[in-house]
Amino acid sequence: MAAWTRHPTKRGIRPCALPAFGLALCLSGCATFRSYDTELYKTLGEASSGKVDSAIAVLESNNSGPNKDLLYYLELGMLQRLGDRYTESQKSRKAANERVRAWEQTAKTDPSKLLGGAASFLVNDRLRPYEGHDYEKVMLLTYIALNYLTLGDYDNARVAIRQAHELEAVIAELRSKEIADVEQDAAKRGARTSFKELNGYPVQTIDNPAVNALKNSYQSALSHYLAGFVYEALGEPSLAAPGYRLANELQPNTPLLEEALRGLDQRVSAREDGLTDVLFLIGSGTAPALQSRQFRLPIQTSNTFVVLPISFPVMVATSTPTLPAQLKLDDGQSLPVAPITSIDLMARRGLRDDLPGIMLRATIRSTAKAVAQYQLQQQALHQNQNNAALGLGLAALAVTIASAITESADERTWRTLPSEIAIARGRLPAGRHTVTLETPEGARSVRLNLSGRYAVIDFRLLRRQVFVQPPEAAAGGQTADTAPAPSTGGGPGTLEREPYTTEVPK
């Protein structure tokens, strides 16, 4: 294409006719063709086989460049948590949160910068800086709080929970403005932004009763129930009650959630009786994937037509998670399990809310490519010299091919999140216990060592693997006899605290 601009003639291609997206493609490099879905398939396969270190190595090999993005730290932090590397996980999550805070600051001061560079409008959405989906930003802070709880740091868990509440308010305001801006811009351009008008798009994957029942894509009953539990553990029932109440609103008609509000004040004021109030989290499967699907749109002109390949992301389930109906305890009793949050549904709601903006950008890209193809074809039709006409025809063909191979939807999304999350809760005597979960692969027993008045135990089911946090809870009937070694240092917002204990600081 450089030769066309080097020798412009009266009848040849003018410099201004060079498709701008071709330059954007040259600048974008391999990012244009990177398939995040393919990369994460092997990473998750290694983790599901219990090879967490190998999964991290695969993730590192796919992100070998010096500039790590938000998504890298999201995936790394979760894998490190599965491998009981909590301090490292917290560092990765703090790095991710720094990027979310930068996004938040930019969104407040100059929202136009979030649109990305010209390449995202002329090539594809993969060239936009990864900001994270709304639910991912809030779940990041939720898991930061869970890491703190695993390390026995309820005070900093409280800070992370407060930040999550503040972030929800920011997202609500920004998304309201974004919806208005997209509608206004689409009206000016005459662009369509309803995914229901996309011929062949699997509308039912993001437009169904379960998805539509969600209040939004970023508030989860899990985050707010966990807030209630932490505030209760810290002796603040007036702050715990709103958390439990909102969890009930987000996941209605769930008796286990409703019970948290009953007797809250009595639980907080009760004397210590040697029992531990245990909140069990059970995460199953992996978050759904985004896959790029292409839709071809022919546009008829007076003398010819151009075919526009337009790609949009489609949500695809990556697992068939099964949550146990109950947890069986060593003394013969069992605890009921209640679903509390579906990351799968939140992701689908997020895609549904994002599609108007995605379609607007696709319209801008398609228009630019259509104009480039049409102009070249028209010049070829009116060209008298056979060689020049042939060159113009080949140029038009090149533009068409380049449009097809570069038009691809953004597949990036936080895949190591669980697909479904449930909870169970009960008061158990301090000491060692065996908890059994019924999984599709059979019964899995876990030994726990409980102490203190409150504890949070997190189970993660990945195929045949059961990961358990904290480290004192070990799968396969084995229990760690020692707690993690203490770190040195200290100060607000840091991880340098005492060794892990389920005891809430007094």
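Reader: How many bridges join strand β1 to strand β10, and do they run parallel or antiparallel?

Author: This is a predicted model, so keep that in mind throughout. Here 8 bridges join β1, residues 275-284, to β10, residues 454-462. The two strands run parallel.

Reader: Which residue in β10 stands opposite isoleucine 282?

Author: Look for phenylalanine 459. That residue of β10 stands opposite isoleucine 282.

Reader: In what order do the 5 strands of the open sheet come?

Author: Read across the sheet, strand by strand. The order is β6-β7-β1-β10-β11. The sheet is open, and its pairing is mixed.

Reader: Which strands are the edge strands?

Author: An edge strand pairs on one side only. In this sheet the edges are β6 (338-342) and β11 (465-469).

Reader: By how much are neighbouring strands of this sheet turned against each other?

Author: On average, by 25°, with direction ignored.

Reader: Now a single residue. Where is threonine 276 found, and is threonine 276 buried or exposed?

Author: Find threonine 276 in strand β1. Its relative accessibility is 0%, so threonine 276 counts as buried. The cut-off for buried is under 20%.

Reader: What is threonine 276 in contact with, leaving aside neighbours within four places in sequence?

Author: There is a run of partners to pick out. Gly426, Arg427, Leu428 and Ala430 are among them. Leu450, Ser451, Gly452, Arg453, Tyr454 and Ala455 also touch threonine 276.

Reader: Next, helices. What describes two packed helices?

Author: Two values: the angle between their axes and the distance between the axes. Take α4 (residues 52-61) and α5 (residues 70-82). Their packing angle is about 170°, and the axes lie 9 Å apart. Angles over 145 degrees count as roughly antiparallel. That makes α4 roughly antiparallel to α5.

Reader: Is the crossing of α4 and α5 left-handed or right-handed?

Author: The crossing is left-handed.

Reader: Which residues of α4 and α5 meet?

Author: From α4 come Val52, Ala55, Ile56, Leu59 and Glu60. From α5 come Tyr72, Glu75, Leu76, Leu79, Gln80 and Leu82. By class, this contact has 8 nonpolar, 1 polar and 2 charged residues.

Reader: Last, the chain. How many helices and strands are there in the chain?

Author: The chain has 16 helices and 12 strands. Of its 506 residues, 52% are buried.

Reader: What share of contacts between residues at least 6 apart in sequence join residues at least 24 apart?

Author: In this chain, 74% of those contacts do.

Definitions and conventions: Residues are numbered from 1 along each chain as its sequence is written. This is a predicted model: local features need pLDDT of at least 70, side-chain atom pairs count only at pLDDT 80 or more; totals for chains, interfaces and linings use all residues. Side-chain values use heavy atoms; hydrogens and water are left out. Axes are lines fitted to C-alpha atoms, for helices over the stretch in contact, and angles run from 0 to 180 degrees between N-to-C directions. Helices (H or I, at least four residues) and strands (E, at least two) are DSSP runs, numbered from the N terminus. Angles under 35 degrees count as roughly parallel, over 145 as roughly antiparallel, 65 to 115 as roughly perpendicular and the rest as oblique. A crossing is left-handed if the near helix is turned anticlockwise from the far one by less than a right angle, and right-handed if clockwise. Contact means heavy atoms within 4.5 Å. Ala, Val, Leu, Ile, Met, Phe, Trp, Tyr, Cys and Pro count as nonpolar, Asp, Glu, Lys and Arg as charged, and the others, Gly among them, as polar. Two strands pair if DSSP finds at least two bridges between them. Buried means under 20% relative accessible area, exposed over 50%, partly exposed in between (1.4 Å probe, protein chains only).
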